[in-house]
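Dear colleague,

Please find below the structure that I am handing over to you.

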Amino acid sequence: MLARPWPEWDARGLGKVGYVIDLKLLRDDPDLVRASQRARGADPGLVDEVLDADARRRAALTEFERLRAKQKVHGKHVAQAQGEEKQHLLVQAKALAERVKALQADADAAERSAAELSRRIDNLVEPGAPTGGEDDYVVLEHVGQPPEPDFPVRDHLELGEGLGAIDTERGAKVSGARFYFLTGVGARLELALLSAAMDLAVRHGFTPTITPTLVKPEVMAGTGFLGAHADEIYHLGTDDLYLVGTSEVALAGYHSGEILDLTAGPRRYAGWSACYRREAGSYGKDTRGIIRVHQFHKVEAFSWTTVEDAAAEHQRILGFEKEMLALVDLPYRVIDVAAGDLGSSAARKYDCEAWLPSQQRYMEVTSTSSCTTYQARRLGVRERRPDGTLRTAATLNGTLATTRWIVAILENHQQADGSVVVPAGLRPYLGGLEVMEPAARP
């Protein structure tokens, strides 16, 4: 039987009680949280607003408890009084009751204010993460050698159209810009890629999962996706449901309100789902082909673990991503993402970027984030420790394969005649196919 979600949620997906940032940390070391906010380019003043609301809440509760105690004593006097004295004490009791009720309302209002303000504070940046914004990442390593073909390089769309694998023209006809059909060997290639990723995940102890692609507001809010980038998400107003941009959202909500036993190690899930993104604010960016689209498929690794093991699990997931990239023989680099480009929920993020021959640049194909206790605190997920005590769990996520990988596979394995060599690691998933040959477009 599942536990009741904790904390409770209001209609907007905001907790009625409970803070999404560790309130003890906020009180004990506010400068640490302010520094994290500044590193992200976010507002450090939110820390003081939360602390002010929390101080008002505590002051109101202290006065509430004092007057409640006084109210109990006063009630005894009323019970013992007679005549005119009793009437006088009843008037005082009424005034006291109204004051107690007002203090309770003040405390509740201050708590709601503090909780809602705390939702605007991003996760605490992990020590060692680079400072700065989108362009201030640090390159950690290069793996593989970018190809140097002695023939004119085709981009993935030209290759895909030649193979009868990608059809953006009919995708736009049916659904609009940034939609597409994968056809023939293109559809088979995506299924092969995702199946290989799921097999790799299973070998490493992940539970394979097909996840819902529509989630409730409290789940979307709990994962931190309804903040600054909420305009990226499709919302179905009639049903008040959100289309996910990653199965991370559904997998984070899977254990919401539960208490986990992590004594045997992390709980690992691999989610296969369709993903949807509005790509708001990306006008004119990668509009050709299938690099930046509204719908795609992905296999996502997701781990629940202890705070102590979170950093090690982060490295493990990065290792799984690198193993998958080796399987499809792609040259890539690993970057340590700067604090200002982490997103609200991540404390540390590593991206793997594959080489894109047609544009002579690297393109993100995987991302793995340590979200520490940020998501679990919002979703009320705790772990039971060996001594029986409870505390907030930690979450991590990482891409194991997605539709965008087709771009890099086609371009890095292309041949002069427009054919594409199938990476050896994917051939078992394609019936032993070694080369994708140009085909007539339907």
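Lys-298 and Glu-300 are both buried, where buried means under 20% relative accessible area, exposed means over 50%, and partly exposed lies in between (1.4 Å probe, protein chains only). The two residues form a salt bridge, with their closest N and O atoms 3.1 Å apart; the term denotes a side-chain nitrogen of Lys or Arg within 4 Å of a carboxyl oxygen of Asp or Glu.

Please note that this is a predicted model, in which local features need pLDDT of at least 70 and side-chain atom pairs count only at pLDDT 80 or more, while totals for chains, interfaces and linings use all residues. Residues are numbered from 1 along each chain as its sequence is written, and side-chain values use heavy atoms, with hydrogens and water left out.

Salt bridges

By the rule above, the model contains 22 salt bridges. One of them joins the side chains of Asp-54 and Arg-27, at 2.9 Å from N to O. This pair links distant parts of the chain, since Asp-54 belongs to helix α3 (residues 45-80) and Arg-27 to helix α1 (residues 23-28), 27 residues apart. Helices (H or I, at least four residues) and strands (E, at least two) are DSSP runs, numbered from the N terminus. Asp-54 is buried, with a relative accessible area of 0%, whereas Arg-27 is partly exposed at 33%. A network of salt bridges connects Arg-27, Asp-54, Arg-57 and Arg-58.

A further salt bridge is that of Glu-279 with Arg-292, whose closest N and O atoms are 3.4 Å apart. Both residues lie in the loop between β9 (267-276) and β10 (295-305), so the pair ties together parts that are 13 residues apart in sequence. Glu-279 is buried, with a relative accessible area of 13%, and Arg-292 is partly exposed, with 23%.

All 5 of the 5 residues of strand β11 (residues 332-336) are buried, so the strand is largely enclosed by the rest of the structure. Tyr-332, Val-334 and Asp-336 point one way from β11, and Arg-333 and Ile-335 point the other way.

β11 pairs in the antiparallel sense with strand β1 (residues 138-143) over 5 bridges, and also in the antiparallel sense with strand β12 (residues 348-356) over 5 bridges. Two strands are taken to pair if DSSP finds at least two bridges between them. Ile-335 has a bridge partner in each neighbour: Val-139 of β1 and Asp-351 of β12.

Nonpolar core

The largest nonpolar core has 58 residues; such a core is a set of buried Ala, Val, Leu, Ile, Met, Phe, Trp, Tyr and Cys residues joined through side-chain atoms within 4.5 Å. Helix α7 (residues 185-203) supplies the largest share of this core, 10 residues. Among the residues with the most contacts inside the core are Leu-193, Ile-290 and Val-299. Leaving aside neighbours within four places in sequence, Val-299 is in contact (heavy atoms within 4.5 Å) with residues including Leu-194, Ala-197, Met-198, Trp-272 and Leu-400.

I would be glad to have your comments on the above.

Yours sincerely
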